[in-house]
Amino acid sequence: MTPVLRIGIAGLGTVGGGVLRLLQANADLLAQRSGRRIVVAAVSARDRHRDRGIPLDGVRWYDDAVALAADPEIDVVVELIGGADGVARVVCETAIAHGKSVVTANKALLALRGPALAAQAEEAGVGLAFEAAVAGGIPAIKGLREGLAANRIDGVFGILNGTCNYILTEMRTTGREFAEVLAEAQKLGYAEADPSFDVDGVDAAHKLAVLAALAFNARVEFDDLHIEGIRHVSALDIAYAEELGYRIKLLGIARRTTEGLSLRVHPCMVAAASPIAHVEGVFNAVVAQGDFVGQVMMTGRGAGAGPTASAVVADLVDLARGLRVPALGIPAARLEAAPIVAMDHRRGAYYLRLMVVDRPGVIADVAAAMRDQQISVESLLQRGRSPGDAVPLVIITHETDEAAMNRLLATIGSLDAVLEPPHVIRIEDL
Ligand SMILES: NC(=O)C1=CN([C@@H]2O[C@H](COP(=O)(O)OP(=O)(O)OC[C@H]3O[C@@H](n4cnc5c(N)ncnc54)[C@H](O)[C@@H]3O)[C@@H](O)[C@H]2O)C=CC1
Ligand SMILES: N[C@@H](CC=O)C(=O)O
Ligand code: NA
């Protein structure tokens with residue numbers, strides 16, 4: 001008889017439902033591959049009576065997910081509730097304390113409590129697996145931690161939030177409004193319970209923190225990340241980007257420099273011809289730069305029930321096979337703190353859109369402010385309607401320091417003819 005891996009699932013929403021369906025659809029294949037039959041022995045969620053499309057007869061129900069985590073009749077706890085603190089954290093800690101391995105999709109928990117949880121799992125001699133937590137169905141964790149283990153990694157970056165990429169793609173290709181597309185992403189099961197985590201860049205930052213820890217064997221403090229979201233990206237900027245040969249993407253970028261680690265999430269303009277510009281919709285991309293392998297790019301669906309379930313169940317197959325690696329690539333106690341490079345040390349080009357009064361002398365004033373900061377213009381676009389109107393003045397700068405750019409923005413923002421705070425997007429040459 002095929003041996004059994006008994007699992008308990010805490011959280012039966014988008015991801016939990018997807019996991020139930022996948023386990024049922026591919027049960028024989030999974031048993032063949034892992035040598036064990038993966039059996040759902042217990043579940044917990046808020047609403048017992050919701051139809052999830054899979055019968056749960058014979059499966060133990062827990063109103064209390066923490067009690068499920070302590071159930072002696074299960075081997076692995078799958079945490080799919082979400083949230084850095086509160087019940088999700090207690091579920092994981094309780095499971096480990098009871099000698100059970102944990103599989104989780106919870107990037108918030110890992111970004112904020114990853115090293116402590118990994119240390120607890122190492123001490124208890126159980127597994128902690130989280131492939132679903134970063135870039136959904138893309139095997140980004142295994143790719144980086146196992147596949148690229150032979151390389152020194154100097155950078156890892158990518159499109160790490162499916163909801164934002166979906167919104168930016170739909171706004172560009174259909175001209176639809178931000179709010180309408182966000183509501184659609186929620187309906188499709190892409191967004192977080194609180195979608196401000198998506199649109200404000202926090203979810204991408206959670207994932208970047210995990211990737212950076214793995215890439216650099218570093219103890220990453222989440223508060224050290226620079227985080228900006230996409231709320232201020234307007235349809236006008238998306239159209240100008242297209243006209244100028246760029247696309248706007250929310251990127252997470254982690255680099256190892258001689259000064260320390262640079263860790264940032266913000267909207268970027270990337271060349272329309274670059275591979276990452278073509279990663280559209282709910283697709284994510286994770287790009288790693290290794291010293292021997294060179295650049296490796298992994299793409300695939302970053303959110304949604306099916307892709308995320310694929311990653312969760314792959315972790316279950318690893319556990320069923322008896323595979324175990326340190327969750328963060330090295331024992332948690334050996335993760336090293338690293339200095340953080342301040343954001344105003346960034347060097348690069350910038351897109352700048354000013355809403356200005358269409359009158360003589362405005363461009364000269366802006367040019368003088370740029371001269372004072374030693375920032376030169378690569379291209380400039382202004383389409384006046386009639387004198388006195390408010391018109392966009394769009395400038396692409398040559399490479400400069402963010403500190404100089406900030407000084408420029410302060411000066412320009414105070415000019416009478418500039419009617420709104422300047423709109424700025426960093427241009428990344430990836
Ligand atoms: N939706 C997606 O595409 C992806 C989600 N994730 C992560 O997966 C996790 C789950 O996300 P979703 O399935 O989208 O969320 P969801 O909101 O659809 O589902 C959450 C589930 O947890 C249950 N729950 C909430 N509080 C509970 C409690 N106190 N006790 C027991 N159950 C409780 C809810 O009843 C629901 O069944 C989160 O950590 C999320 O960040 C990761 C990758 C992709
Ligand atoms: N809300 C997240 C879900 C996957 O991690 C996203 O949109 O990427
Ligand atoms: Na993944």
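Me: How many residues surround ligand 1?
Reply: The closest are Gly11, Gly13, Arg46, Gly82 and Ala303, a residue being near if its C-beta atom, placed from the backbone, lies within 6 Å. This is a predicted model: local features need pLDDT of at least 70, side-chain atom pairs count only at pLDDT 80 or more, and totals for chains, interfaces and linings use all residues. Residues are numbered from 1 along each chain as its sequence is written, while chains are lettered from A and ligands numbered from 1 in the order in which they are written. The shell of ligand 1 holds 29 residues.

Me: Which helix gives the largest share of the shell around ligand 1?
Reply: The shell draws at least three residues from each of domain 1 (4-136 + 326-332) and domain 2 (140-301), with bounds from an automatic or database domain assignment. Helices are DSSP runs of H or I, at least four residues, numbered from the N terminus. The largest share, three residues, comes from helix α1 (residues 14-25).

Me: Which residue with positive phi follows α4?
Reply: In α4 (residues 87-97), the buried residues include Ala88, Val91 and Ile96. After the helix, phi is near 75 degrees at glycine 99.

Definitions and conventions
Helix = DSSP H or I, 4+ residues; strand = E, 2+ residues; numbered from the N terminus. Buried ≥ 20, exposed ≤ 12 C-beta atoms within 10 Å, placed from the backbone.
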